[in-house]
Amino acid sequence: MTERDSTTITVAFQEAPPRVNEWRRFWRVFLQRRIVIFGLVILFLLVFSAIFANVIAPHDPYIGILADSLQHPNSTYWLGTDIQGRDTLSRLIFGTRTALMVGFVTVGIAGVVGVGLGLIAGYFGGVASMIIMRIMDALMGFPMLILAMLFAAVLGGGIQNVVIALSIATVPGYARVMNGLTLSIRENDYIMAERAMGSSNARIMLSHILPNAIPPMIVLVTLQLGGIIMAEAALSFLGIGIKPPGAAWGAMVSDGYRYLSNNPTLSFAPGIAIMLVVFAFNMVGDGLRDALDPRLRGIL
Amino acid sequence: MTELLRVNNLVTQFKTESGLVKAVDGVSYYIDEQEIIGLVGESGCGKSVSQLSVMQLISAPGDIAGGEIIFEGKNLLDYEANGPRMRAVRGAKIAMIFQEPMTSLNPVLTIGQQLTEMLHLHMKMNDEAARKRAIELMSLVGIPGAENRIDDYPHHFSGGMRQRVMIAMGLSCNPKILIADEPTTALDVTTQAQLLELMKDMVERFRTSLVIVTHNLGVVARYAQRIYIMYAGRIVESGTTKDIFGNPRHPYTIGLLKCIPRLDEEEGTKLVPIEGLPPNLINMPQTCAFLPRCSYRLDKCAREPWPEMTAVNGNHFIRCYADTKEKKK
Amino acid sequence: MTTYIIRRLLIALVVIIIVTLIVFFAIRLLPGDPLIIFLGQQATQGGISQDELEHLREVYGLNDPILVQYGNWVWGILRGDLGTSIYYHEDVGVLMGDRFPITLHLGILAFIINIVVGVLLGLAAAIRRGTWIDAVTTTLANIGVCIPVFWLAILMIYLFGLELRWLPIAGYTPPTKDFWLNTQQIIMPVFCMAVTMMATTARLSRSSMLEVTRQDYIRTAWSKGLSERTIIIRHALKNGLIPVITLLGIGLGMVFAGSVFVETIFAINGIGRLLVTSIFAQDYVVIQSSSLVIALIIILSNLLVDISYGWLDPRIRYG
């Protein structure tokens with residue numbers, strides 16, 4: 001664009017900034033806002049609870065003492081009990097396992113498939129792109145939740161099928177973003193240089209395009225994790241997916257509905273847990289995005 | 001010639017996450033009626049920021065921290081940035097055109113709408129008169145078939161054409177001063193030449209003063225009467241075009257001119273670049289900013305703060321301790 | 001512009017075809033004998049003889065090659081035959097026709113509230129960036145997207161239905177029969193649906209406006225001496241609202257998704273509730289048809305959104 005004419009000042013060769021500074025800068029920007037730190041704390045608690053659930057939960061989440069049913073929060077049962085006498089707090093704590101498991105496995109599967117599809121569609125264009133992106137469009141024609149419901153209904157209940165259903169619902173979004181990223185990265189000069197050098201397609205895709213697409217994809221994934229956990233809760237609320245005695249937050253909300261007048265905590269507590277986790281992922285995702293590339297602020 | 005604008009010790013700074021950047025650090029200059037001055041410097045030296053400050057178009061995290069901008073007897077910095085008095089100055093008394101013609105026009109409004117809104121606002125013209133005037137202006141700046149093109153959208157015009165539209169917009173309300181911020185940098189060389197000639201004609205016709213902000217010495221050599229050379233937020237040399245090109249005295253200016261290949265040089269003569277890198281403007285030291293790259297440096301330069309502007313002769317000033325006439329390095 | 005529209009139409013058509021394929025073959029994923037599935041568990045337990053089963057197999061066309069079955073099914077849809085519900089023993093078209101206006105009623109109201117409040121708040125936050133309006137809006141929006149719609153519904157039922165007893169907690173009487181009761185009944189469901197959508201809308205319109213205000217042409221507008229009001233209304237809004245139109249497409253999806261929960265909890269007989277009950281009743285005819293209809297509606301509305309996008313942007317409209 002700018003014509004380098006002779007009167008432009010020439011500048012001596014500029015060294016690349018040292019690696020150390022990049023990391024430091026990342027952490028400094030990432031941890032800048034308190035809300036992001038708040039999110040990180042929540043996530044840490046989430047992971048900690050999931051790993052050490054059996055250690056920190058005060059009671060058994062699956063078997064309750066019938067005599068203690070429907071108690072209000074008290075000193076023995078901090079958040080009260082349900083109709084079967086199961087401690088709400090313990091069920092919440094064990095619920096973190098479900099939430100995390102579903103969340104991460106879904107993201108893992110959808111991530112690999114979605115990124116792969118988007119990469120292929122974006123890089124090769126043409127027929128491959130047409131087919132792949134139209135199928136993605138078709139899947140996105142369903143609201144994410146309804147798509148997940150459809151597949152969960154068809155595949156049957158149970159946590160595995162919920163994960164598969166959620167993955168199918170999440171893949172189109174990833175594929176679309178990855179497609180866009182691939183298209184724009186592909187236009188860069190250094191990619192053309194690689195082609196001129198004779199690098200194979202696979203090499204260009206895996207060694208050059210993919211690494212550049214990773215930071216925005218990580219941001220996308222983090223931002224969407226909350227949504228996936230919420231979708232799982234929604235499914236288990238409806239009764240698709242994990243059912244009692246399994247400890248899933250959505251199912252707990254649904255159970256508690258029947259006893260709303262007796263003991264509202266049964267429904268409220270898991271809802272708050274869901275909110276906190278989704279909020280945490282959103283805030284951390286925002287922080288990641290700002291630290292990795294604030295220019296994404298309009299897009300992601 | 002009467003003085004139109006006088007800027008005294010303008011300071012504009014930006015708060016960044018790494019520290020305070022004094023983009024403009026004590027800049028003083030003046031513009032007379034009907035003259036063309038050049039403001040020259042490399043990217044990041046503060047020349048654009050200084051002009052945006054004159055128009056009070058600086059927004060957070062930037063902030064005009066000090067100085068005066070005296071125009072028509074009043075200090076513009078006394079006016080609230082987007083208040084009615086400043087807005088009465090913008091466009092009507094001092095107008096500005098920008099570097100990127102591709103993005104400086106609103107894509108969803110027609111050229112006609114963008115031209116006439118100023119005429120409505122400042123010249124209080126009605127629709128008919130404004131439209132007529134807009135067509136006139138478009139023809140004046142060399143857009144063929146103006147009558148048909150007035151209802152076109154910006155994307156129907158090429159970069160050069162859009163810049164002509166910007167020039168028409170800038171001059172539409174007969175401002176006293178037109179500031180052109182790197183007006184031709186984004187265009188090819190042929191279009192550059194055409195546009196600069198056009199601007200020169202226009203400002204003569206409208207009796208407007210012109211400030212050309214650029215990094216291209218060639219541009220100002222041909223068109224400007226006086227030149228200010230900026231470096232790291234300050235003016236380091238000022239004088240008439242003849243002074244600057246014929247008798248450059250500041251080491252930076254000397255270095256700049258050495259970079260230009262000349263037709264009368266022998267074949268094979270190497271271009272001499274200025275060594276070193278442009279300075280990091282964050283938390284600058286008090287000493288001369290050009291010191292690390294200067295081949296005329298004295299011991300004094302490392303100890304004393306940056307010097308004031310001193311006269312070399314007549315209207316020719318430099319900001320330097322060294323006597324660059326002596327050694328020819 | 002015409003090429004733009006035609007291209008979009010063709011793509012939408014392709015997508016619709018793929019959707020029918022997905023819906024059709026997804027149901028075929030179910031394990032077991034399709035005939036049993038279609039007749040429902042109850043029917044076969046009644047002890048139908050093998051001969052009758054075979055006969056029924058012929059009638060349902062289950063012995064035809066799979067592609068023929070697909071073709072017949074699509075052909076049926078085009079003629080308006082959506083099948084017969086296994087659970088309700090009614091024509092699916094009639095079932096959906098009864099329920100659609102109800103979901104529409106709730107959905108449109110929620111959508112209007114969502115757009116009006118969401119867009120205004122988002123715009124205000126962007127224009128007054130950094131002030132308390134921005135801080136409050138952003139915080140509320142950030143929290144809003146985290147609220148599960150079903151939980152909010154339960155919360156409201158508890159508060160307004162049980163404790164304060166201001167509003168009924170279930171049911172839908174047609175507004176034609178009892179307008180005021182109907183209004184009371186829909187306040188909570190509509191509000192729940194609207195809140196989750198509002199949060200997303202506010203965020204989107206805020207970031208869209210912010211993007212616009214950072215553009216060069218806005219700086220040009222300021223340099224011309226125009227007032228803030230003029231700049232926002234004449235220069236910024238049109239550019240900023242164009243992306244917000246895509247919200248219309250997303251909003252519709254959120255309405256359907258929200259309706260699933262809101263209708264279930266408030267016992268309102270709309271499309272969402274139909275979908276849920278058919279999933280549990282394993283009524284695959286209804287599941288198939290209603291998923292298809294929902295997807296079709298969304299794809300078509302996205303098409304409309306795309307086209308209006310093109311119409312609003314002079315770069316596309318005038319080429």
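## Helices H2 and H4 of chain A

In chain A, helix H2 (residues 34-51) packs on helix H4 (residues 88-124) at an angle of about 105 degrees, with the axes 8 Å apart. H2(A) and H4(A) are therefore roughly perpendicular to each other; angles of 65 to 115 degrees count as roughly perpendicular, under 35 as roughly parallel, over 145 as roughly antiparallel, and the rest as oblique. Axes here are lines fitted to C-alpha atoms, for helices over the stretch in contact, and angles run from 0 to 180 degrees between N-to-C directions. Helices are DSSP runs of H or I with at least four residues and strands are runs of E with at least two, numbered from the N terminus.

From H2(A), the contact uses A:Leu46, A:Val47, A:Ser49 and A:Ala50, and from H4(A) it uses A:Ile93, A:Thr96, A:Arg97 and A:Leu100. Two residues are in contact if their C-beta atoms, placed from the backbone, lie within 7 Å. By class, the contact of H2(A) with H4(A) holds 5 nonpolar, 2 polar and 1 charged residues. Nonpolar covers Ala, Val, Leu, Ile, Met, Phe, Trp, Tyr, Cys and Pro, charged covers Asp, Glu, Lys and Arg, and the others, Gly among them, are polar.

A word on the model: it is predicted, so local features need pLDDT of at least 70 and side-chain atom pairs count only at pLDDT 80 or more, while totals for chains, interfaces and linings use all residues. Residues are numbered from 1 along each chain as its sequence is written, and chains are lettered from A and ligands numbered from 1 in the order in which they are written.

## Helices H10 and H11 of chain A

Helix H10 (residues 249-258) and helix H11 (residues 265-292) of chain A pack at about 155 degrees, their axes 7 Å apart. That makes H10(A) roughly antiparallel to H11(A).

On the H10(A) side the contact has A:Trp249, A:Met252, A:Val253, A:Asp255, A:Gly256 and A:Tyr257, which meet A:Leu266, A:Ser267, A:Pro270, A:Gly271, A:Ala273 and A:Ile274 of H11(A). These residues divide into 8 nonpolar, 3 polar and 1 charged.

Chain B has 11 helices and 12 strands. Its radius of gyration is 21 Å, close to the 20 Å that the globule rule gives for 329 residues, so chain B is as compact as a globular protein of that length. The radius is taken over C-alpha atoms, and the rule is 2.2 Å times the number of residues to the power 0.38. Along its principal axes the C-alpha trace of chain B spans about 70 × 50 × 40 Å.

The domain assignment gives chain B domain 1 (3-224) and domain 2 (234-327); such bounds come from an automatic or database domain assignment. The C-alpha centres of these two domains of chain B lie 28 Å apart. Their contact takes 17 residues from domain 1 and 12 residues from domain 2. On the domain 1 side, strand S2 (19-32) and helix H8 (217-223) of chain B each supply at least two residues, and S2(B) gives the most, with 9 residues.

## Where chain C meets chain B

The contact takes 19 residues from chain C and 23 residues from chain B. Helices H9 (216-223), H10 (228-244) and H14 (314-317) of chain C each supply at least two residues of the chain C side, with H9(C) giving the most, 6 residues. That side of chain C divides into 5 nonpolar, 7 polar and 7 charged residues.
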